[in-house]
Amino acid sequence: MGVLTRLKAAAPLAELPLDSILMDDCIAAMASLPDACVDMIFADPPYNLQLGGDLFRPEGGRVDAVDNDWDKFETFAAYDAFTAAWLAEARRILKPDGTLWVIGSYHNIFRVGAKVQDQGYWILNDIVWRKANPMPNFKGTRFTNAHETLIWAAKSEKSRYTFNYRAMKTLNDELQMRSDWSLPICGGPERIKRDGTKAHPTQKPEALLYRVLLAATKPGDVVLDPFFGTGTTGAVAKRLGRRFIGIERDATYCDVARERIAAALPLDESAVTTMMAPTAATRVAFGTLVETGLLAAGSEVFDTRRRWVATVRADGSLLCGTVAGTIHKLGAALQGAPSCNGWTFWHTEIAGEIKPIDALRQTYLLSTEP
């Protein structure tokens, strides 16, 4: 943390606060950085929820909703001005071939999207994050809000942006990755708490950032997050061998983020290497287990007789010696067989017991049941 490095090539020589958190207002902090110095920006700005009073569950319990001052704006015009200001600084510091990701809900994403286009960004996709286990609508007066939207935009129409298509296809068991992503919300051990309460009300799941960074950056790229919160972007960047710059004005969030990132374990170089190999589709992609952390990249899997031991890589492929492939194709190749069910062929140690990796798939399915 706090390491300074010399900026190269794409921007004037200057020192960037790589792998650090700048405790400051996001606009002021970005203004202190040189032009064209970051490869990707991931922004999770205030949603301006405009909540009208407390919300209660049917049994009377109060819903832990977002009521922080940082999410409050006097008018839509004030929110629009804030959005335009931070987007302008973000575009200035983004490299010519860099991309911007912004996440939001129906409260703000349409206003943000308009400003993104006004600023000259070129929208590539809108991604629907479909929450596998959303909070219900307790009053029964509306549809359950079960998704959020991510806008992915290049700096300009002519940008030669990074898109790791092969890695995304491998992550999704050789199916082309779609623009609707089903991932659970942040919960369980991943949800950071202080004194029994959430450290941050809108903490994003690491699986979401894992997919974003794996899709749109390369190892060594610099990722900036102007609304850093508890450091999800930094923790995932460290795991995947990317550099990060976080901006966060809340001292408590900064402390939580520093602790969290210090504890994150980076993957070794071979695990970060990505590839693509064809395989059959399954109900749950093996890559989903990797990006959700049920089976971490860098882990080892093996057959029951331990004739072959393979290393799990960041995109959900396996590496055994010099041979790489998906769980199914690699298992078949090693056995000299026409096909292989990788879910039952490969095993790992789970809670002290040797079990097929299909057990982790079942664990994931259970965790995402409504």
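This is a predicted model: local features need pLDDT of at least 70, side-chain atom pairs count only at pLDDT 80 or more; totals for chains, interfaces and linings use all residues.
Where does Arg 92 lie? Look for helix α2, which covers residues 76-93. Is Arg 92 buried, exposed or partly exposed? Its relative accessible area is 25%, so Arg 92 counts as partly exposed.

## Who else touches Arg 92

If you skip residues up to four places away in sequence, Arg 92 touches Met 30, Ala 31, Leu 33, Pro 34, Asp 35, Ala 36 and Lys 155.

Val 38 gives you another way to see how the chain folds back here. Arg 92 and Val 38 are 54 residues apart along the chain, yet a distance of 9.7 Å separates their C-alpha atoms.

## Two residues with positive phi

Now for some backbone angles. Most residues other than glycine have a negative phi. Ala 36, one of the residues touched by Arg 92, has a positive phi, near 45°. You'll find Ala 36 in the loop that runs between α1 (26-31) and β4 (38-43). With a relative accessible area of 12%, Ala 36 is buried, because the cut-off for buried is under 20%.

Arg 306 has a positive phi too, this time near 55°. Arg 306 also sits in a loop, the one between β13 (300-302) and β14 (309-312). What about its accessibility? The value for Arg 306 is 48%, so this residue counts as partly exposed.

## Thr 217, a buried loop residue

Our last stop is Thr 217, in the loop between α5 (206-216) and β11 (222-225). Is Thr 217 buried or exposed? Its relative accessibility is 0%, so Thr 217 counts as buried.

Which residue has its backbone oxygen 2.5 Å from a polar atom of the Thr 217 side chain? That's Leu 213. The side chain of Thr 217 is also joined to the side chain of Arg 242 by a polar contact of 2.8 Å. Arg 242 turns up again among the contacts of Thr 217 once neighbours within four places in sequence are left aside; the others are Met 40, Thr 162, Asn 164 and Val 223.

Technical notes: Residues are numbered from 1 along each chain as its sequence is written. Side-chain values use heavy atoms; hydrogens and water are left out. Helices (H or I, at least four residues) and strands (E, at least two) are DSSP runs, numbered from the N terminus. Buried means under 20% relative accessible area, exposed over 50%, partly exposed in between (1.4 Å probe, protein chains only). Contact means heavy atoms within 4.5 Å. A polar contact is a pair of N or O atoms within 3.5 Å; within protein, one must be able to donate a hydrogen and the other to accept it, and residues adjacent in sequence count only if both atoms are side-chain atoms.
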